[in-house]
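Subject: The structure we talked about

Hi,

Here is the structure I promised to pass on. Have a look at it first, then read my notes below.

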Amino acid sequence: MGKTRRRDSRPFELLYRKYDAWYNAEPGRSLFAIESRALRRVMEELSNRIALEIGVGSGRFAAALGVRFGLDTAIRPLELARRRGIVCAAGE
């Protein structure tokens with residue numbers, strides 16, 4: 001990974017747990033439900049063919065939507081995604 005990409009993903013490396021935890025309480029919990037429903041509708045129109053989430057981060061949405069694979073430039077959030085059962089790769 002180039003130096004620019006590492007610098008761009010730094011906030012996600014440092015704040016990933018705080019970002020992910022935001023969805024555990026209001027208003028994050030309600031917004032997650034709304035966003036998940038909207039994404040599920042889009043996936044239904046695509047015949048549930050989404051197998052890879054680019055920018056998977058902590059994997060919260062991928063896990064909720066049944067997406068099995070994820071790619072992200074920020075490495076540390078992928079720890080959470082793996083715990084959620086997402087097969088992850090770090091890359092640009």
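Before we start on the helices, here is how they are assigned: helices (H or I, at least four residues) and strands (E, at least two) are DSSP runs, numbered from the N terminus. The expected span of a helix is 1.5 Å times one less than its number of residues.

Two notes on the model itself. It is a predicted model, in which local features need pLDDT of at least 70 and side-chain atom pairs count only at pLDDT 80 or more, while totals for chains, interfaces and linings use all residues. Residues are numbered from 1 along each chain as its sequence is written, and side-chain values use heavy atoms, with hydrogens and water left out.

**Helix H2**

Helix H2 covers residues 28-45, which is 18 residues, and it reaches 26 Å from its first C-alpha to its last, close to the 26 Å expected at 1.5 Å a residue. Which residues of H2 are buried? They are Gly28, Phe32, Ser36 and Met43 (buried means under 20% relative accessible area, exposed over 50%, partly exposed in between, with a 1.4 Å probe and protein chains only). Looking down the axis of H2, the buried residues fall within an arc of 65 degrees, so they line one face of the helix (the arc is that of the directions from the helix axis to the C-beta atoms).

The buried residues of H2 pack against H3, where contact means heavy atoms within 4.5 Å. After H2 comes Ser47, with a positive phi near 60 degrees. At the other end, Pro27 sits in the loop between H1 and H2, and the peptide bond from Glu26 to Pro27 is cis, with omega near 5 degrees.

**The core**

The largest nonpolar core has nine residues: Met43, Val56, Ala62, Leu65, Val67, Leu78, Ala81, Ile86 and Cys88. By nonpolar core I mean a set of buried Ala, Val, Leu, Ile, Met, Phe, Trp, Tyr and Cys residues joined through side-chain atoms within 4.5 Å. Helix H3 (60-65) and helix H4 (77-83) are the elements that give two or more residues to this core. If you click on Ile86, you'll find that it touches Val56, Gly59, Ala62, Ala63, Val67, Arg68, Phe69, Gly70 and Ala81, leaving out residues up to four places away in sequence.

**The aromatic rings**

There are five aromatic pairs in the structure. Rings of Phe, Tyr and Trp (its six-membered ring) pair if their centres lie within 6.5 Å; planes under 30 degrees apart count as stacked, over 60 as edge-to-face and the rest as tilted. Tyr19 and Tyr23 are an edge-to-face pair, 5.5 Å centre to centre with 85 degrees between the planes. Trp22 and Tyr23 are also edge-to-face, at 5.1 Å centre to centre and 80 degrees between the planes. Is Tyr23 buried or exposed? Tyr23 counts as buried, at 8% relative accessibility, whereas Tyr19 is partly exposed at 45% and Trp22 is partly exposed at 41%. Ring pairs link Tyr19, Trp22, Tyr23, Phe32 and Phe61 into a cluster.

- Arg60 lies in helix H3 and is buried, with a relative accessible area of 13%. Its side chain makes a polar contact of 3.1 Å with the side chain of Asn24. Beyond its neighbours within four places in sequence, Arg60 is in contact with Asp20, Tyr23, Asn24, Phe32 and Arg84.
- Ser58 is in the loop between strand S1 (52-54) and H3, and is buried at 5% relative accessible area. The side chains of Ser58 and Asp20 make a polar contact of 2.6 Å.
- Arg17 is in helix H1 (residues 3-21) and is partly exposed, at 44% relative accessibility. A polar contact of 3.2 Å joins the side chains of Arg17 and Tyr16. Arg17 and Pro77 are 60 residues apart in sequence, but 7.5 Å apart in space, C-alpha to C-alpha.

Cheers

Methods:
Polar contact = N/O pair within 3.5 Å; in protein donor to acceptor, adjacent residues only side chain to side chain.
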